[in-house]
Every structure is written in C-alpha cells, then in structure tokens.
Amino acid sequence: MEWLIETFEGMGTIRFGMTPEDVGIALGAPDRSRRGRRPGYFSEHRGTRSPIVRYRDNKVCEIEAFYDLGVVEFRGISLFQTDGKQVLRQLEALNGGAMISVGIVLFDQIGLTTGRLDEGARTAHSVTAFSPGTWDNNISDFEMISFE
C-alpha cells in the first residue's frame with residue numbers, strides 16, 4: 001500500500017479528526033492500544049501493515065510511519081526509499097527551515113516530524129504527520145538545525 005501524506009490533512013485513508021471507530025472502519029481493528037502519558041491521549045498499533053495512530057480526546061492528532069511500512073510519500077518525495085540526508089534537505093527547503101530536539105526533527109510549517117533519517121540505525125527511521133497545533137506548545141524546546 002502507498003501512504004501519501006497531505007499537510008495537516010492526514011496520511012493515506014487516515015484523516016486528522018477521525019475517531020477510533022472511523023479509523024477501525026478504514027484500517028481494521030488495532031492489534032493493541034496504548035494509553036498516553038497525558039490524560040485524553042492514546043495510540044493504536046496495527047503491526048507493520050499500517051501506521052501508528054495517536055489520538056487526543058478521541059480524535060486523530062498524529063500518524064507515525066516507520067521505515068518498514070512500505071511506500072510513504074510527501075509531495076513526491078519517497079521518504080524511506082530516498083537517501084535520508086537528501087530527504088531532510090528537501091523537507092527543510094519546503095518548510096523554510098528545520099528544528100531539532102532530542103533526535104526529533106520538526107518541520108512545523110508542513111506538519112511533519114522525523115527521526116534522524118540521516119543517521120545509521122534505519123530501524124529507528126520514522127516520519128510523523130500531525131494535525132494543526134499539535135506541536136505548538138513544544139516549539140520552545142527545539143533549536144534550529146540545517147542539513148545543507
């Protein structure tokens with residue numbers, strides 16, 4: 001399956017604002033759910049056949065894809081099949097900059113975070129699409145970085 005990311009809209013058939021029931025209809029029942037650290041947050045996992053879906057107040061707020069999901073694309077960029085450093089450069093250009101904190105690279109204007117795609121441990125490579133406002137309260141924890 002191909003997972004196309006649309007800025008602040010969603011990934012594949014999953015859309016921000018969907019309920020767990022909506023996602024279940026689109027993807028099937030989760031293999032497991034996990035309660036978040038903050039009240040009102042939880043995630044659903046469906047093995048490697050679909051992304052991890054995170055909810056806030058029963059609405060999809062983040063969708064995370066790992067390297068083994070298959071084809072994950074954003075604006076024509078194949079995020080896991082292209083060299084990681086090149087992907088980070090392209091996302092930085094599209095976003096107008098990049099920020100980093102504890103290994104998470106934030107592209108706030110295009111609604112994405114990534115694990116360090118330029119680092120060696122491919123098994124940790126991930127990309128997360130997020131809904132508007134999801135990272136607004138955390139921006140002060142990040143510092144500017146450039147992949148040029």
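**Exercise 1.** Which residue in strand 11 stands opposite Ile100?

*Solution.* The structure is a predicted model. Begin with the pairing: strand 10 (residues 98-101) and strand 11 (residues 104-107) run antiparallel and are joined by 3 bridges. Within this pair, the residue opposite Ile100 is Val105.

**Exercise 2.** Determine the bridge partner of Val105 in strand 12.

*Solution.* Strand 11 also pairs with strand 12, in the antiparallel sense, over 3 bridges. In strand 12, Thr114 is the partner of Val105. Here the hairpin has 4 residues between its strands, and Gly111 in the turn shows a positive phi of about 75°.

**Exercise 3.** Explain why the buried residues of helix 1 line one face of the helix.

*Solution.* First, identify the buried residues of helix 1 (residues 20-27): Pro20, Val23 and Leu27. Next, look down the helix axis: these residues fall within an arc of 60°, and therefore they line one face. On the other side, Glu21 and Ile25 are exposed. Finally, consider the packing partners of the buried residues, which include strand 1 (2-6), strand 5 (41-45) and strand 7 (59-66). Just after the helix, Gly28 takes a positive phi of about 95°.

**Exercise 4.** Describe the lining of the largest pocket.

*Solution.* The largest pocket has a volume of about 950 Å³. Its lining comprises 29 residues, with Arg37, Arg38, Arg54, Glu62 and Trp135 nearest the centre. Among the elements that give two or more residues to this lining are strand 12 (112-114) and strand 13 (126-130). Sorted by class, the lining has 9 nonpolar, 12 polar and 8 charged residues.

Terms used: Residues numbered from 1 in each chain as written. Predicted model: local features only at pLDDT ≥ 70, side-chain atom pairs only at ≥ 80, totals over all residues. Heavy atoms only, no water. Buried < 20%, exposed > 50% of the residue type's maximum accessible area, 1.4 Å probe, protein only. Arc of directions from axis to C-beta. Contact = heavy atoms within 4.5 Å. 1 Å grid on protein atoms, 1.4 Å probe; cavity = no way out; pocket = protein on both sides within 12 Å on 5 of 7 lines; lining within 4 Å. Points joined across faces, edges and corners; volume = space filled by probe spheres on them. Nonpolar A, V, L, I, M, F, W, Y, C, P; charged D, E, K, R; others polar. Pairing = 2+ DSSP bridges.
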